[in-house]
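Visitor: I have a model open and want to learn how to read it. Please take me through it feature by feature.

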Amino acid sequence: MNEERVVRGRGVLAAIAVSLLLPLCPAFAYSPMPTTAADLRGAEALDLERAGQWFNACVAYEKILKDDRSDREAQDGLRRCVRHVYQIRRHRDPTFQNLLLSRPPSQALDVYEEVLGNLRKYYLDKDRVRLNDLFLHGLEEFRFALDDETFRQQHLYGVSEEAIRSFRTWIEKYREEQPRDIAAIRHDVLTIAIEAQISPLHLNPTVVVLEFACGACNALDEHTAYLTPAHLQEVQSASKGQVVGVGIEQLTWLEKRLLITQVAPNSPAAIVGLKPSDQIVRIDRQLVERLPAETAVARLRGDLGTPVELEVLPAGEMVPQTYRLTRQPIFVPSVADIKMEGAVGSFRLVSFQDTTPQEVREAVLQLQTNGMKALILDLRGNGGGVYKSAVQIAELFIGDGVLLRTKSRLIYYNKTFSAQNPSPWQFPVVVLIDGETASSAEVLAGALKERGRATLIGQTSFGKGTMQYVLPLESLPSGIRITVAKFYSPLNHPYHGLGVTPHIIVNEPDGPMGRDLTWQTALQQALMMR
């Protein structure tokens, strides 16, 4: 089984219209005069959707959900935008273009049938994977594609707007509600694919079939998705802490500057002397102004052996320098910023991967060697990862008792994880969390809180309490990521939509002063506990 960290809206952004999208979501009817802060944020997110700024819209919707995880309109908006991000990503992915779209339609139909079968077998909510609903999700994905600028450039170059509009009208008849079995669905998808080929669109029928396969996955929630060969490899590598890049794995915006916050040891970036607080000005000679930090990180990744040019302003200097780096396999540690302050040790957990439990053991041993009497564990900004690693780390602190419960319609994923450690660590622990602490990070924070093993400080966590299973497909070298279970705390409280509430809430202002306020509160607490 392969559990993956949450990937929120990664991919290449494009400015494309949402003319088809907005009529499908009347609950988000635009209010010309928003009256509350929540209304203003909703209007901003919807404006970004209308402008086709899918990644930025994802960020905007997640900000709304940080304040109110139960906001259904924001949930739906996030799901819509993530679908578009994934769609653009796959149509700019060479592995999708070269390895998949060259296959015959019959093989693409086999993929589609395999996808439907796996969704119906594994997906958490059985009521959401009825065959006819999955077909309609695929039809909607194809309709999105017909309006997508990237898709048009790749597959519809030179086709008139009238021809596209006419074909879109023709496929509307397939939206009529009717029960379909797998044979009928296969027939309807093949009919649409052949018609797209012989029509003025002259579309490759395999392209059409794979849009249906992707749509069946991508409409269910923001974490279930079809994975191209490259994306599947990325997911599998991420669980081991391995990526192809230059070693800059975290960036952050601060006072209108895009700053490096983490450099992997022995990476190309580290070898040339790049370090945290250095400012990235250009990537491949393109300014990074207003570029989301996660998108900038994605641009630094790529194929093994390919070059990337960076213009960087070193911290404290006035003249930028240019570096030409070659992308290499990088091990990205999940433990960072190990330090001592008096008798209080601390480190950040960036993510959860297969190596994280051993990294935590080594960090604690280093701190204990330096005289640590209390620990601050910083989970702020940790989006999750391999949940079993989070359970193993909790067991280092907790000797016995329940750590996590998982619930699913599948027997295999209905489990209770309990600690069996005869010699757990005894030193006092303070845990920092915030609105971006999610998934496996919430599993660890919740276990330490409910078992009385740590004091939590910060803000309520994100509330992403679901588990994803990554399944390679047999019929094509690709895969799907499926939501299969929900996480519950030791006391049987759901994490999803609720998150973990800290013992001490610190309402920090934006910027480094806010983070420092939380840190100082944690340090004072740790000093009292030691």
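Visitor: Which hand does the crossing of helix 3 and helix 6 have?

Guide: First, note that this is a predicted model. Two packed helices are described by the angle between their axes and by the distance between those axes. Here, the axes of helix 3 (residues 72-91) and helix 6 (residues 131-147) come within 11 Å. They cross at roughly 65°. The crossing is right-handed.

Visitor: Which residues make the contact between helix 3 and helix 6?

Guide: Helix 3 supplies Arg 83, His 84, Gln 87 and Arg 90. Helix 6 supplies His 137, Glu 140, Glu 141, Phe 144 and Ala 145.

Visitor: Which residues are linked in a network of salt bridges?

Guide: Look for a side-chain nitrogen of Lys or Arg within 4 Å of a carboxyl oxygen of Asp or Glu. By that rule the count comes to 21 salt bridges. A network links Arg 83, Arg 90, Glu 140, Glu 141 and Glu 211. Arg 83 and Arg 90 belong to the helix 3 side of the contact, Glu 140 and Glu 141 to the helix 6 side.

Visitor: How many residues apart in helix 3 are Arg 72 and Asp 76?

Guide: Four, so about one helical turn separates them. Arg 72 forms a salt bridge with Asp 76, with the closest N and O atoms 3.5 Å apart. Now check accessibility. Arg 72 is exposed, at 57% relative accessible area. Asp 76 is partly exposed, at 25%.

Visitor: Is Asp 378 buried or exposed?

Guide: Use the cut-off: buried means under 20% relative accessible area. Asp 378 has 5%, so it is buried. Its salt-bridge partner is Arg 380, at 2.9 Å, N to O. Arg 380 is buried as well, at 8%. Another salt bridge joins the side chains of Arg 152 and Asp 147, at 3.4 Å, N to O. There, Asp 147 is buried, with 16% relative accessible area.

Visitor: How many residues does the largest nonpolar core have?

Guide: Think of a core as buried nonpolar residues joined through their side-chain atoms. The largest one here has 98 residues. Those with the most contacts inside it are Val 115, Ile 192, Tyr 226, Phe 347, Leu 349, Phe 397 and Leu 444. Helix 10 (residues 205-218) gives the most to this core, with nine residues. Apart from it lies another core, of 21 residues, including Val 246, Ala 269, Ala 293 and Tyr 323.

Visitor: What is Leu 349 in contact with, leaving aside its neighbours within four places in sequence?

Guide: Its partners include Val 335, Val 360, Leu 377, Leu 379, Ile 393 and Leu 444. Asp 378 is also one of them. That is the Asp in the salt bridge with Arg 380.

Visitor: Where does Glu 222 lie?

Guide: In the loop between helix 10 and strand 1 (225-227). Glu 222 is buried, at 11% relative accessibility. Compare sequence with space. Glu 222 and Leu 78 are 144 residues apart in sequence, yet 7.0 Å apart in space, C-alpha to C-alpha. Beyond its sequence neighbours up to four places away, Glu 222 touches Arg 69, Leu 78, Arg 79, Val 82 and Tyr 86.

Visitor: How many residues apart in sequence are Leu 136 and Ala 219?

Guide: They are 83 residues apart in sequence and 9.8 Å apart in space, C-alpha to C-alpha. Leu 136 sits in helix 6. Leu 136 counts as buried, at 13% relative accessibility.

Definitions and conventions. Residues are numbered from 1 along each chain as its sequence is written. This is a predicted model: local features need pLDDT of at least 70, side-chain atom pairs count only at pLDDT 80 or more; totals for chains, interfaces and linings use all residues. Side-chain values use heavy atoms; hydrogens and water are left out. A nonpolar core is a set of buried Ala, Val, Leu, Ile, Met, Phe, Trp, Tyr and Cys residues joined through side-chain atoms within 4.5 Å. Buried means under 20% relative accessible area, exposed over 50%, partly exposed in between (1.4 Å probe, protein chains only). Helices (H or I, at least four residues) and strands (E, at least two) are DSSP runs, numbered from the N terminus. Contact means heavy atoms within 4.5 Å. Axes are lines fitted to C-alpha atoms, for helices over the stretch in contact, and angles run from 0 to 180 degrees between N-to-C directions. A crossing is left-handed if the near helix is turned anticlockwise from the far one by less than a right angle, and right-handed if clockwise.
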